[in-house]
Amino acid sequence: MSFTSPAQQISRRTVLRTTGAAAVAAVAAPALAACGGSKTSSGAAQSNVDKKLMAWPTYTPAAGLHPDMPGTAAGVQDTFLRYPANLIQSVPTKPGDGSKVRALIVTYGTQPKGPDQNQLWKAVNDAVGVDLDLTMVTDADWQTKLGAMMASNDLPDIIMLGLYQLPNEAQFLQAKCEPLGQYLSGDAGAKAYPNLAAIPPYSWDSVGRVGGDFYAIPIHRPRLGNSFFANSDLFQQAGIWNPTPGGLSKADLTAGLVKLNTQGHFTLGTNKVASFGYLTHSGVHGTPNLWSLANGQFSTAYGTDNMKQSLATMADWYGKGLYDPAALTVSSTQCKTNFQNGTYISTTDGFGGFGGYATAVNEKWKVDFVRPYDAGTGAGAKATPWLTPGYFGYTALKKASPERVKMLLGVLNFLAAPFGSKEWELINYGIEGVHFTRGADGGPSKPTDLGKIENSVNVPFKYVMAAPMVNYLAGEPEAAKRCYQAQVDIVPLGVPDPSLGIQSATRNKQWPTLLQQIQDGMNAIITGKASMLSWDDVIKKWKGNGGDQIAAELGAEYSKTHS
């Protein structure tokens with residue numbers, strides 16, 4: 001059973017959280033198999049122990065596309081410096097049967113008019129061949145709505161999951177949702193649904209199985225998680241820009257940050273849900289991704305010397321005035337604005353934030369990824385950037401006849417059409433001349449007035465299912481090159497969360513509370529309200545309140561599934 005690490009959760013949602021409580025809930029959504037409980041009478045059916053594991057679809061990258069800078073199996077994205085001149089037809093025939101298909105998804109936009117008054121929605125329905133009826137729930141209401149839905153007998157055909165920890169999710173999947181292995185596994189699944197088979201294996205692995213089968217399809221996201229972004233022009237002027245991982249010492253970095261920290265500017269940006277960017281800086285200090293795994297035993301990364309050293313670094317930077325003293329009251333949106341307008345010279349944010357920054361700045365100055373610096377942790381420790389599980393959420397189907405399930409999978413296969421396809425352009429940008437006009441590189445980058453209303457934010461088909469994400473920044477090829485090179489440099493150093501694919505009932509129930517304890521302790525130390533000595537007490541309390549039990553449960557499941 002899978003678990004979504006704090007790195008992935010915060011990196012995909014820091015821009016969406018403005019309250020601490022919501023942020024805590026957001027960082028700990030377990031994936032499917034993590035929700036099944038321990039291997040007891042209540043969780044044995046969900047465990048993968050002693051079960052034959054259904055194979056994922058045979059990985060088959062989309063054909064007919066030619067990236068300028070090819071990606072890698074490890075997670076570097078395919079990179080396109082210009083929009084493809086000749087779009088492919090990814091799905092030859094309409095997959096739908098003309099019926100109504102109800103889908104429940106999250107939204108971060110404005111509720112749109114229905115398809116009878118919305119040309120984008122109507123065009124996608126016509127192209128897919130179904131009446132796609134979207135119930136769009138705001139992020140703030142998601143847990144309440146999903147809980148009510150799971151308890152109801154009136155289920156939609158398509159259900160997005162994976163945003164939050166939901167009680168008994170794996171039991172719900174087995175009881176109410178369709179096992180998908182019989183349709184999607186292996187070469188046959190890849191042939192029938194090629195766009196779903198183009199989703200990278202690491203995303204499927206992270207979503208995981210329940211009782212040996214799989215019940216959901218990942219909505220892909222890149223492998224890099226929270227990143228350290230900077231105005232590299234100013235970093236160069238201060239003598240602290242080094243594109244080689246480990247090529248810049250922490251001492252030299254700190255001296256340069258102090259030099260740049262002039263009145264009205266702060267060299268280190270952060271916000272109230274990011275805990276001073278610890279997800280980035282802990283990995284630079286060699287901290288394992290949430291857990292250490294040695295000889296089949298799990299131990300918390302929070303208790304390592306590397307984590308202590310990263311806290312000491314951030315506390316030192318705070319004491320030198322490099323962070324905004326109001327950081328714990330700054331919203332993620334304001335933090336972004338402060339970085340873009342130069343109030344903050346660097347910031348930590350989710351990997352996906354790069355495109356927004358690059359577009360907003362438009363090469364007035366260069367936004368780039370600060371490579372892991374040499375943290376000087378000793379004992380030959382190397383940076384261990386925390387990789388994400390590689391998904392945003394995942395999509396399940398309610399139980400139905402084989403014919404309907406196959407039709408619904410065809411709909412998802414259409415919505416997963418790759419970048420560079422006619423279907424992808426329609427789903428993400430709408431109709432040329434109605435919703436967009438083309439920019440200098442041929443891409444659909446200029447929205448019409450209608451396109452500013454009818455778009456993929458307000459009609460988010462991408463949360464029903466989506467193509468693997470590529471690195472393409474309309475009109476910003478130099479920024480795309482920088483993004484690609486950063487991935488080439490950093491992804492090979494990255495480490496996954498070793499608890500992915502393993503169950504823990506205690507984690508499912510208590511993780512948000514335990515994480516809040518950790519972040520409260522961090523914030524107190526970094527801001528000088530508590531000494532570094534208090535961290536041992538934070539960890540001791542954390543372990544006693546459930547951390548040790550989680551580690552034991554992970555170890556027990558690991559030993560049974562990796563014998």
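In this predicted model, the lining of the second largest cavity is made up, by class, of 6 nonpolar, 4 polar and 1 charged residues. That cavity has a volume of about 60 Å³, and it belongs to a count of 6 cavities of 30 Å³ or more. The structure also holds 13 salt bridges, and the count of aromatic pairs comes to 32. The points below take up the cavities, then the salt bridges, and then the aromatic rings.

**Cavities**

- The second largest cavity is lined by Ile-240, Trp-241, Asn-242, Thr-244, Gly-246, Gly-247, Leu-248, Val-370, Arg-371, Pro-372 and Tyr-373; of these names, Arg-371 returns below in a salt bridge with Asp-489, and Trp-241 returns in a ring pair with Phe-235.
- The largest cavity holds about 190 Å³ of space, and its lining consists of 17 residues, among which Asn-226, Ser-227, Thr-280, Pro-385 and Ile-490 lie nearest its centre.
- By class, the lining of the largest cavity divides into 11 nonpolar, 5 polar and 1 charged residues.
- Strand S5 and helix H12, which covers residues 278-284, each supply at least two residues of the lining of the largest cavity, and H12 gives the most, with 4 residues.

- Side chains of opposite charge can pair when their charged atoms come close.
- Arg-371 and Asp-489 form a salt bridge in which the closest N and O atoms are 2.9 Å apart. This pair links distant parts of the chain, since Arg-371 sits in the loop between S9 and strand S10 (391-397) while Asp-489 belongs to helix H18 (residues 477-490), 118 residues apart.
- Both Arg-371 and Asp-489 are buried, and together with Asp-368 these two residues are linked in a network of salt bridges.
- Glu-432 and Arg-438 meet through their side chains in a salt bridge of 3.3 Å, taken from N to O. Glu-432 has a relative accessible area of 46% and is therefore partly exposed, and Arg-438, with a relative accessible area of 28%, is likewise partly exposed.
- Lys-452 forms a salt bridge with Asp-449, with the closest N and O atoms 4.0 Å apart, and both Lys-452 and Asp-449 are exposed.

**Aromatic rings**

- A pair of aromatic rings is described by the distance of the centres and the angle of the planes.
- Among the 32 aromatic pairs, the rings of Phe-229 and Phe-369 have centres 4.9 Å apart and planes at 65 degrees, and because an angle over 60 degrees counts as edge-to-face, this pair is of that kind. The pair links distant parts of the chain, with Phe-229 in strand S5 (residues 227-231) and Phe-369 in strand S9 (residues 367-369), 140 residues apart.
- Phe-229 is buried, with a relative accessible area of 0%, and Phe-369 counts as buried at 1% relative accessibility.
- The rings of Phe-235 and Trp-241 have centres 6.4 Å apart and planes at 75 degrees, so this pair is edge-to-face as well; both Phe-235 and Trp-241 are buried.
- Ring pairs also link Phe-80, Tyr-83, Phe-419, Trp-424, Tyr-429, Phe-436 and Tyr-472 into a cluster.
- A charged side chain meets a ring where Arg-209 lies over the face of Trp-56, at 3.8 Å from the ring centre.

How values were computed
Residues numbered from 1 in each chain as written. Predicted model: local features only at pLDDT ≥ 70, side-chain atom pairs only at ≥ 80, totals over all residues. Heavy atoms only, no water. Phe/Tyr/Trp six-rings, centres within 6.5 Å; stacked < 30°, edge-to-face > 60°. Buried < 20%, exposed > 50% of the residue type's maximum accessible area, 1.4 Å probe, protein only. Lys NZ or Arg CZ within 6 Å of the ring centre and 35° of its normal. 1 Å grid on protein atoms, 1.4 Å probe; cavity = no way out; pocket = protein on both sides within 12 Å on 5 of 7 lines; lining within 4 Å. Points joined across faces, edges and corners; volume = space filled by probe spheres on them. Nonpolar A, V, L, I, M, F, W, Y, C, P; charged D, E, K, R; others polar.
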